[in-house]
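Me: I have a chain open and have not looked at it before. Can you walk me through it?

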Amino acid sequence: AEMAETIDHQLGLSRLRRRSPQAGSGTEIGVVADKVINTVRKTIRGAELDWIIDLMPGLTVALDRSDLSELVGALVENAAKWAAGVVRVSSLVAAGQVTLSVEDDGPGMDQAQIDQLGTRGIRLDEQRSGSGIGISIVREIVSLNAGRLEFGRSALGGLLVRVGLPAGHTLH
């Protein structure tokens with residue numbers, strides 16, 4: 001099972017690296033995030049949570065739709081897994097960059113743990129289900145698309161993840 005997860009992970013990274021940056025085009029972040037969040041809400045865990053969604057309508061990022069879905073999915077699933085009861089997803093735009101924030105009210109992490117997030121081969125919690133590769137995929141997507149990734153403590157008490165990506169525009 002571990003070998004299959006590793007192979008799937010590496011194949012996914014290979015597909016990411018072959019895609020060309022989507023500069024000039026745009027994928028609407030709210031549409032993709034709503035679809036991901038609605039899917040997670042249908043799970044047993046997702047249905048137990050209060051979701052605070054504050055996504056600017058019409059806001060686009062210069063990112064492939066599949067990559068954006070994978071990025072948002074990894075962050076939202078992680079927040080849902082760790083939340084005590086609340087997950088907040090928000091966005092804003094400034095200086096040509098869109099920032100997506102995903103945060104929860106779970107136990108959070110100390111700075112040493114935050115510094116290790118997404119490091120290949122390191123899984124911070126063996127007690128919960130999951131492969132532990134979601135954040136490393138997020139790191140790869142962000143890196144390949146001239147973005148930035150920040151981790152911190154949420155005002156809700158848990159983890160805060162901020163992803164900054166170049167703004168795109170909708171093709172008509």
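Reply: Some terms come before the helix packing: axes are lines fitted to C-alpha atoms, for helices over the stretch in contact, and angles run from 0 to 180 degrees between N-to-C directions. Helices (H or I, at least four residues) and strands (E, at least two) are DSSP runs, numbered from the N terminus. This is a predicted model, in which local features need pLDDT of at least 70 and side-chain atom pairs count only at pLDDT 80 or more, while totals for chains, interfaces and linings use all residues. Residues are numbered from 1 along each chain as its sequence is written, and side-chain values use heavy atoms, with hydrogens and water left out.

Me: How many helices and strands are in the chain?
Reply: The chain has six helices and seven strands. Along the sequence they follow the pattern α-β-α-α-β-β-α-β-β-α-α-β-β.

Me: What angle do H4 and H6 pack at?
Reply: Helix H4 (residues 65–82) packs with helix H6 (residues 134–144) at an angle of about 140°, and their axes are 9 Å apart. Their crossing is left-handed; a crossing has that name if the near helix is turned anticlockwise from the far one by less than a right angle, and is right-handed if clockwise.

Me: Which residues in H4 and H6 meet?
Reply: From H4, Asp 67, Glu 70, Leu 71, Ala 74 and Leu 75; from H6, Gly 134, Ile 135, Ile 137, Val 138, Ile 141 and Val 142. Contact means heavy atoms within 4.5 Å. By class, the contact of H4 with H6 has eight nonpolar, one polar and two charged residues. Ala, Val, Leu, Ile, Met, Phe, Trp, Tyr, Cys and Pro count as nonpolar, Asp, Glu, Lys and Arg as charged, and the others, Gly among them, as polar.

Me: And H2 with H4, what is the angle there?
Reply: Helix H2 (residues 29–41) packs with H4 at an angle of about 45°, with the axes 9 Å apart. That makes H2 oblique to H4: angles under 35 degrees count as roughly parallel, over 145 as roughly antiparallel, 65 to 115 as roughly perpendicular and the rest as oblique. The crossing of H2 and H4 is right-handed.

Me: Which residues of H2 and H4 meet?
Reply: In H2 they are Ile 29, Val 31, Val 32, Ala 33, Val 36, Ile 37 and Val 40, and in H4 they are Arg 65, Leu 68, Ser 69, Val 72, Gly 73, Val 76, Glu 77 and Ala 80. That contact of H2 with H4 divides into 11 nonpolar, two polar and two charged residues.

Me: Is Glu 77 buried or exposed?
Reply: Glu 77 is exposed, at a relative accessible area of 51%. Buried means under 20% relative accessible area, exposed over 50%, and partly exposed in between (1.4 Å probe, protein chains only). Glu 77 and Gly 134 are 57 residues apart in sequence and 9.0 Å apart in space, C-alpha to C-alpha.

Me: Which residues of H6 are buried?
Reply: Ile 135, Ser 136, Ile 137, Val 138, Glu 140, Ile 141 and Val 142.

Me: What follows H6?
Reply: Ala 146, with a positive phi near 55°. Most residues other than glycine have a negative phi. Ala 146 sits in the loop between H6 and strand S6 (148–153) and is exposed, at 60% relative accessible area.

Me: Where is Ala 95, and what is its phi?
Reply: Ala 95 is in the loop between S4 and strand S5 (97–104), and its phi is positive, near 50°. Ala 95 is exposed, with a relative accessible area of 85%.

Me: Switching to strands. Where is Leu 165?
Reply: Leu 165 is in strand S7 (residues 159–166), and at 4% relative accessibility it counts as buried. Leaving aside neighbours within four places in sequence, Leu 165 is in contact with Val 61, Leu 63, Gly 96, Gln 97, Val 98, Asn 145 and Gly 147.

Me: Why does Ser 90 count as buried?
Reply: Because its relative accessibility is 15%. Ser 90 is in strand S4 (residues 86–94).

Me: Last one: how much of the whole chain is buried?
Reply: Of its 172 residues, 41% count as buried. Residues 24 or more positions apart account for 71% of the chain's contacts with a separation of 6 or more.
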